[in-house]
Each structure stands twice: as structure tokens, then as C-alpha cells.
Amino acid sequence: ILRDNFVFKVVPMLNPDGVINGQYRCSISGQDLNRQWMNPDKVLHPTIYSTKQLLKLTKMSRDVSIFCDLHGHSRKVNMFMYGCTSKNPALR
């Protein structure tokens, strides 16, 4: 039922170059990718930049209902996720 009503875009990992070098949050250039969402640089943060472009293109043809950022943690078990608060008070 979900796939009949929604389109899922899954980006499996935004930090492959950092992870392969033992970094949890930073890219190989030493950039904390979790802090680059507001204004990602195409060269320094290509995965964040491209994901943001994908979201913008998707929004041109349909509504984006949810955007989830799933994480693992070095000291916590299992995983967790963050979501963004809507600017529209009725949707909070």
C-alpha cells in the first residue's frame, strides 16, 4: 500500500569516504557533513549537495512528505533518526 501511494528515495550513505577512513561524521576532507546541510559546497560536500539537489528536483514534481536522516552511534546501541520541524505551526 505504501509504494502505491508514495515514492521512496533512499540514499544509503552520505559519508563513504570518511567511513572507510574510520570517521563517523567527517568526510575525507575533515568536514562534518551533519553541519553542511544549510549551504553545502558542490566540491567539498558532494554527497550532501547532490542529495539536496535530489530533494529539490523531487519537490518540483510532487510533495515531499518526510525526510529522515538515520544514524548509528559510536556509543549507543541500535540506531536513531532526526527529522526537521515544519515552519508551519499546524504541522508540528
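**Close-up views of a predicted model**

**View 1. Helix α3, end to end.** At 1.5 Å a residue, a helix of 16 residues such as α3 should span 22 Å, and the 23 Å between its end C-alpha atoms agrees with this. The model is predicted. Helix α3 covers residues 46-61 and has the highest confidence in the chain, at a mean pLDDT of 92.

View 2. I48, T51 and T58 are the buried residues shown in α3. They lie on the same side of the helix, because the arc they cover around the axis is only 90°. The face of α3 turned away from this buried side carries L57, M60 and S61, which are exposed.

**View 3. A nonpolar surface patch.** L2, F6, F8 and V10 form a nonpolar patch on the surface. Together the four side chains' residues have about 460 Å² of accessible area. F6, one of the patch residues, lies in the loop between α1 (2-5) and α2 (16-19). Its relative accessible area is 41%, so F6 is classed as partly exposed.

**View 4. C68 and V10.** C68 sits in the loop that runs between α3 and β1 (69-72). With a relative accessible area of 36%, C68 is partly exposed. In sequence C68 and V10 are 58 residues apart, while in space their C-alpha atoms are 9.7 Å apart. V10 also belongs to the nonpolar patch with L2, F6 and F8.

**View 5. G18 in helix α2.** G18 is placed in helix α2. Its relative accessibility is 0%, and G18 therefore counts as buried. S29 is eleven residues from G18 along the chain, and the C-alpha atoms of the two are separated by 8.1 Å.

**View 6. The whole chain and its confidence.** The chain holds three helices and two strands, arranged along the sequence in the pattern α-α-α-β-β. Of its 92 residues, 14% are buried. The mean pLDDT of the chain is 82, and 85% of the residues reach 70 or more. Confidence is lowest in strand β2 (residues 79-82), where the mean is 65. Where pLDDT is low, predicted coordinates should not be read in detail.

Definitions and conventions:
Residues numbered from 1 in each chain as written. Predicted model: local features only at pLDDT ≥ 70, side-chain atom pairs only at ≥ 80, totals over all residues. Heavy atoms only, no water. pLDDT = per-residue confidence, 0-100. Helix = DSSP H or I, 4+ residues; strand = E, 2+ residues; numbered from the N terminus. Expected span 1.5 Å × (residues − 1). Buried < 20%, exposed > 50% of the residue type's maximum accessible area, 1.4 Å probe, protein only. Arc of directions from axis to C-beta. Patch = residues over 30% accessible without salt bridge, like charges linked within 9 Å, V, L, I, M, F, W, Y side chains within 5 Å. Areas by Shrake-Rupley, 256 points an atom, 1.4 Å probe, with all protein chains shown as cover.
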